[in-house]
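Trainee: I'd like to walk through this one with you before the group meeting. Please start with the labels.

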Amino acid sequence: MTFWRSFFVAASLLAAPLGFAHAQTPQTVKATNVVLVHGAWADGSSWSEVIPILQAAGLHVTAVQNPLSSLADSVEATRRALAEQDGRTVLVAHSWGGTVISQVGTDPKVTGLVYVAARAPDANEDFVALSKQFPAGPARAGIVERDGYTKLSEEAFLKYFANGVKAEQAKELYAVQWPTAASIFAGRTTEAAWHSKPSWYAVSKNDYTINPDFERFLAKRMNATTVELDAGHLSLVSHPKEIAKLILDAAGYGRS
């Protein structure tokens, strides 16, 4: 066990720099906890490659099982998880989960926000209208709706949503994708925590779900410390070491 702990810490903390573009120099406060929020058409297992690296570094990690039934329900689930944390916490989100942490991140426990190919709405912003300023990713054409809930077709999920992920793993993720209420995408936040909390952003350069230029726009708008990865939308699965390092930096565990 000692060997593997040392291995993961070394891989995460001693790796060569990832080409961060520091739009800001955040006053990083060392955190002891990380709360992970998954996005649409996924569940908490999407963080399974990142979690052991964070745990090996000594962080207490919680992955929210985001219900995806409404923005209010998802916010409440994340607030419950945050309330259970003892001390300073970094909030991390993938994809639509960025909407949730933008709302919840004003909590005093939260010391930083990490967005992984994620939405980052401003307060009361029509994010759907904003996103239309950029070309839509081809994954969107694969959305199938039934009884008010959506899933991605198998072809769209494997080809566009999980591009860059090993085929076997992509099929497993397709099998566990969580039904997502169609209404959540138009939901508006009343807070935008990134105005007051240090933020980090991982852009996926090969993203076919959220336009990479839209991700760059969001990262720049929030003045986030940004890294660009040669990854598809599921960079947390295909590039877990890089995503873990970004989170460790936000938690104050990175190299100065």
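Mentor: Helices (H or I, at least four residues) and strands (E, at least two) are DSSP runs, numbered from the N terminus. Keep in mind that this is a predicted model.

Trainee: OK. Where is Ser95, in those terms?

Mentor: Ser95 is in the loop between strand E4 and helix H4, which covers 97-104.

Trainee: Buried or exposed?

Mentor: Ser95 counts as buried, because its relative accessibility is 8% and the cut-off for buried is under 20%.

Trainee: What does the side chain of Ser95 make a polar contact with?

Mentor: With the side chain of His233, at 2.9 Å. Apart from neighbours within four places in sequence, the residues in contact with Ser95 include Gly39, Val116, Arg119 and Ile210.

Trainee: Back to E4. Which strand does E4 pair with in the parallel sense?

Mentor: E2 does that, and five bridges link E2 to E4, residues 89-94.

Trainee: Why is E2 described as largely enclosed?

Mentor: Five of the five residues in E2, which spans 33-37, are buried, so the rest of the structure largely encloses the strand.

Trainee: Which way do the E2 side chains point?

Mentor: Asn33, Val35 and Val37 point one way, Val34 and Leu36 the other way, and all are buried. In a regular strand the side chains alternate between the two faces of the sheet.

Trainee: Different topic. Where does Arg88 lie?

Mentor: Arg88 is in the loop between helix H3 (71-83) and E4. Arg88 counts as partly exposed, because its relative accessibility is 47%. Leaving aside neighbours within four places in sequence, its contacts include Val29, Asn33 and Thr111. Arg88 and Pro108 are 20 residues apart in sequence, and their C-alpha atoms are 8.4 Å apart.

Trainee: What about E9, which strand does it pair with?

Mentor: E9 (residues 199-204) pairs with E10 in the parallel sense over five bridges. Ser204 has Leu229 in E10 as its bridge partner. With helix H8 (residues 212-221), E9 and E10 make a right-handed β-α-β unit.

Trainee: How many residues of E10 are buried?

Mentor: Four of the five, so to speak of cover, E10 (residues 225-229) is mostly covered.

Trainee: What order do the strands of the open sheet take?

Mentor: The order is E6-E7-E8, three strands with antiparallel pairing. E6 (143-146) and E8 (180-181) are the edge strands, each pairing on one side only. E7 (residues 149-152) and E8 pair over two bridges, and Thr150 has Thr180 as its bridge partner in E8.

How values were computed
Residues are numbered from 1 along each chain as its sequence is written. This is a predicted model: local features need pLDDT of at least 70, side-chain atom pairs count only at pLDDT 80 or more; totals for chains, interfaces and linings use all residues. Side-chain values use heavy atoms; hydrogens and water are left out. Two strands pair if DSSP finds at least two bridges between them. Buried means under 20% relative accessible area, exposed over 50%, partly exposed in between (1.4 Å probe, protein chains only). A polar contact is a pair of N or O atoms within 3.5 Å; within protein, one must be able to donate a hydrogen and the other to accept it, and residues adjacent in sequence count only if both atoms are side-chain atoms. Contact means heavy atoms within 4.5 Å. A crossover is right-handed if, with the strands pointing away from the viewer, the path from the first strand over the helix to the second runs clockwise.
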